[in-house]
Amino acid sequence: MSKVLFPLLFYCILFFTNTVKGQAKNALGIGPALNSSKRGSYNNPTGFGGRLQGEIKLLNKISVIPAIGLEGPYSGYFGISGKYYPADRFHLMAGGIAYIGRDLYTGVGPSLAVGYQLLASKRHFIDIDLHGDIIKVDAKGHTTIIGLRLTYNFSFSRQNKD
């Protein structure tokens, strides 16, 4: 059964997706995340979680991304970033996060990401982002968090095709 199901699913995805120009949009997204750091709260350097984000178009290739998430090794965060599309399917993000750690350390830190659009139609997008954040984990110092986020986004406006 799986020998037939996988190719059928693959061709359906290809049939219903289009290549669109890398462009800012007004969208809402949600997805899972996997993070890792050298030092984390309660000696737990790896964490799973999820993220809810918006995208607010400012210019054709520039948007603002407000986001909230529950991810390890920090417990929860609110972030705001600028997103730039230098080429089709690729984007760069830079901004900051305000976080609450499991051991009640709170603070703010910088956040950077590079991403790629895996699938796209005129209203639906799946993005994968490699991100890095710097947070304070205890009274002794900071740590860098590196992670991957996979986000499904729904665009409220139709996107232009290539």
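Strands S3 and S4 form a hairpin with two residues between them; strands, like helices, are DSSP runs numbered from the N terminus (strands E, at least two residues; helices H or I, at least four). The structure is a predicted model, in which local features need pLDDT of at least 70 and side-chain atom pairs count only at pLDDT 80 or more, while totals for chains, interfaces and linings use all residues. Residues are numbered from 1 along each chain as its sequence is written, and side-chain values use heavy atoms, with hydrogens and water left out.

Of its 162 residues, 38% count as buried, where buried means under 20% relative accessible area, exposed over 50%, and partly exposed in between (1.4 Å probe, protein chains only). Contacts are defined by heavy atoms within 4.5 Å; among those in the protein chain with a separation of 6 or more, 52% involve residues 24 or more positions apart. The chain exposes about 9,100 Å², of which carbon and sulfur atoms supply 70%; accessible areas come from the Shrake-Rupley method with a 1.4 Å probe, and for residues only the protein chains shown count as cover.

Pairing of two strands requires at least two DSSP bridges between them. Strand S1 (residues 27-37) pairs with S2 in the antiparallel sense over 10 bridges. Strands S2 and S3 also run antiparallel, joined by eight bridges, and they form a hairpin with two residues between them. Within this pair, Ile56 stands opposite Val64 in S3. Strand S3 (residues 62-71) in turn pairs with S4 over nine bridges, again antiparallel, and here Leu70 is opposite Gly76 in S4.

Gly47 is located in strand S2 and is the bridge partner of Asn35. With a relative accessibility of 3%, Gly47 counts as buried. Apart from neighbours within four places in sequence, Gly47 contacts Ala33, Leu34, Asn35, Gly72 and Pro73. The C-alpha atoms of Gly47 and Ser36 are 6.4 Å apart, at a sequence separation of 11 residues. Ser155, in strand S8, is likewise classed as buried, because its relative accessibility is 0%. Outside the four places on either side in sequence, Ser155 is in contact with Lys25, Asn26, Ala27, Arg123 and Phe125.

The largest nonpolar core comprises six residues, namely Tyr74, Tyr77, Ile97, Tyr99, Ile135 and Ile145. Strands S4 (74-87) and S5 (90-101) each supply at least two residues of this core. Such a core is a set of buried Ala, Val, Leu, Ile, Met, Phe, Trp, Tyr and Cys residues joined through side-chain atoms within 4.5 Å.

Strands S2 (46-59) and S8 (141-155) each supply at least two residues of the patch, and the largest share, three residues, comes from S2. Leu148 belongs to strand S8 and counts as partly exposed, because its relative accessibility is 43%.
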